[in-house]
Amino acid sequence: MYNFLMKKLYIETLGCQMNKSDSERIAGILSHFGYEETNLEKEADLLIINTCSIRQLSTDKAYSKLGVWGKRKKSKPDIKIGICGCVAQQDKEKIRQRAPYVDLIFGTHNIYELPTLIKRVEADEKVCAITSKPVNSNWNDFKILRKDNVNAWVPIIEGCNNFCTYCVVPFTRGRERSRQPEEIITEVKNIIAEGFKEITLLGQNVDSYGKDFNDKNITLANLLRELNKLEGQFRIRFVTSYPSDITDDLINAVDECEKVCKYFHIPMQSGNSRILKEMNRHYTKSEYYEIVAKIRNRFPDVAITSDFIAGFPGETEEEFQDTLNAMEELKLDYSNTAAYSPRVFTKAGQMTDKFISEDIKYERLERLNQKNREVCLKSNEKFVGKILKVLVESKTEKDNIITLNSRADNNKIVHFIDNSKQAGDFAKVKITKAQTWCLYGEPVD
Ligand code: SAH
Ligand code: SF4
Ligand code: F3S
């Protein structure tokens, strides 16, 4: 395909890393059909929004973007508009009503149907492809247009079986499906050959990897061991872990494998056991504390990050304080925080008589954020004087000084100056200064 024949594709991606990875695959598939990605919305022939419905705010963003694009289509009727991702999977009828001008709606299970869908869109058909199970998941048949040059995302398991009562993901992503280890290993080999230096294995629940196969040897721990054997200088991460699914074998594998980062993202959601039960999380506060203690004992420089929700239905002030205390007592290195947002289909979304007022929810969120900042700073201060192994991700130039932006194995952001290094290089850095969200240091040999 010659360049002057290429059509321009603009994809806007909301939501989690799984969505970002999906967008790279969507752009890759469409590149086989003459579409070239652009960063400029205005020059696009095909506009796609890859949506997230985890909270109302992210859902609202999707509809407001569709509105903007709908207006543009009035003056440029030839442009095509597409919507995919978690809002599309749930809201087919609503999208048709609110945005009848949309040309293409496809669900999270229908990405690999794009080769046929796009031809129908080009023939001016209004197309909608949403199924409850995956269609044609022949992952490695298409290019992947990765956005980053250093880190590559590799989904290993999709979907979720946990049905936390607040969460929409099991409804938008379906039940857990693991990819075959051989397929993952082939993708990772290609990534390393292309020069990427970091592989992030993705899953809504990565430590469930392989449970849907009949072979007990297919586990996240064994996958890490296999990937660790591959030649080359690169490192491996995995997100997100479900607290009670972290096995001793996984911790052993992280310890054994020198390429695997000593970093765990383990959302706790609440520091109170009653609320955890109401959330249908399968662990108590003390069980979570035990898991954190076990990991910290094994890996001295580990970072453990988490997610918390403020104002789950029925949460009392005392119960909320257990969350603040947990953040502090567990010395969590960083947490994502959010005010509870009611979602359709979910159990908690129906507990309307127990909903907490917006004022209280946001006031609790503010205190949660304040505590997060305090504990993050304390966690960062612990690293002053230590030497961390980092991978350079990018550089920033200001007043003729080039600062390297890097990430340590434990996921801490580290800034340092070293004119001999560039993005994709590993380095050892002695930490000299800590701030709330990042560290500063000097290179050492
Ligand atoms: N699989 C991961 C989380 C995926 S969703 C896990 O089990 O922890 C990412 C985060 O969004 C969750 O950890 C949760 O903190 C937040 N979240 C999910 N549903 C939410 C809701 N209804 N309101 C507010 N935050 C929510
Ligand atoms: Fe959502 Fe719970 Fe599944 Fe995480 S484990 S994706 S929070 S249902
Ligand atoms: Fe959002 Fe869907 Fe991810 S709801 S967080 S984009 S799985």
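Tutor: Let us begin with a term. A pocket is an open set of grid points with protein on both sides within 12 Å along at least five of seven lines. The model discussed here is a predicted one. Its second largest pocket has a volume of about 350 Å³.

Student: What makes a residue part of the lining of the second largest pocket, and which residues are the closest to its centre?

Tutor: A lining residue has an atom within 4 Å of a point of the pocket. The second largest pocket is lined by 20 residues, and Glu-258, Val-260, Cys-261, Lys-389 and Asp-409 are the closest to its centre. Strand β14 (residues 387-398) gives the most to this lining, namely three residues.

Student: How many residues of that lining are nonpolar, polar and charged?

Tutor: The lining divides into ten nonpolar, three polar and seven charged residues. Asp, Glu, Lys and Arg count as charged, so Glu-258, Lys-389 and Asp-409 belong to that class.

Student: From which domains does the lining of the second largest pocket draw at least three residues each?

Tutor: Those domains are domain 2 (151-381) and domain 3 (387-444). The domain assignment also gives domain 1 (7-129).

Student: How do you know that domain 2 and domain 3 are in contact?

Tutor: Contact means heavy atoms within 4.5 Å. The centres of domain 2 and domain 3, taken over C-alpha atoms, are separated by 26 Å. The contact takes 21 residues from domain 2 and 18 residues from domain 3. Between them the two domains bury about 1500 Å², with 54% of it on carbon and sulfur atoms. Of the area that domain 2 buries against domain 3, Lys-197, Arg-235 and Asn-380 supply 39%, more than any other three residues.

Student: Which residues surround ligand 3, and how is its shell made up by class?

Tutor: Ligand 3 is surrounded by Cys-16, Asn-19, Thr-51, Cys-52, Ser-53, Ile-54, Cys-86, Arg-173 and Gln-204. By class, this shell has four nonpolar, four polar and one charged residues. Arg counts as charged, so Arg-173 is the charged residue of the shell.

Key. Residues numbered from 1 in each chain as written. Chains lettered and ligands numbered in written order. Predicted model: local features only at pLDDT ≥ 70, side-chain atom pairs only at ≥ 80, totals over all residues. Heavy atoms only, no water. Near = heavy atom within 4 Å. 1 Å grid on protein atoms, 1.4 Å probe; cavity = no way out; pocket = protein on both sides within 12 Å on 5 of 7 lines; lining within 4 Å. Points joined across faces, edges and corners; volume = space filled by probe spheres on them. Helix = DSSP H or I, 4+ residues; strand = E, 2+ residues; numbered from the N terminus. Domains from an automatic or database assignment. Buried area = accessible area lost by both parts, 1.4 Å probe.
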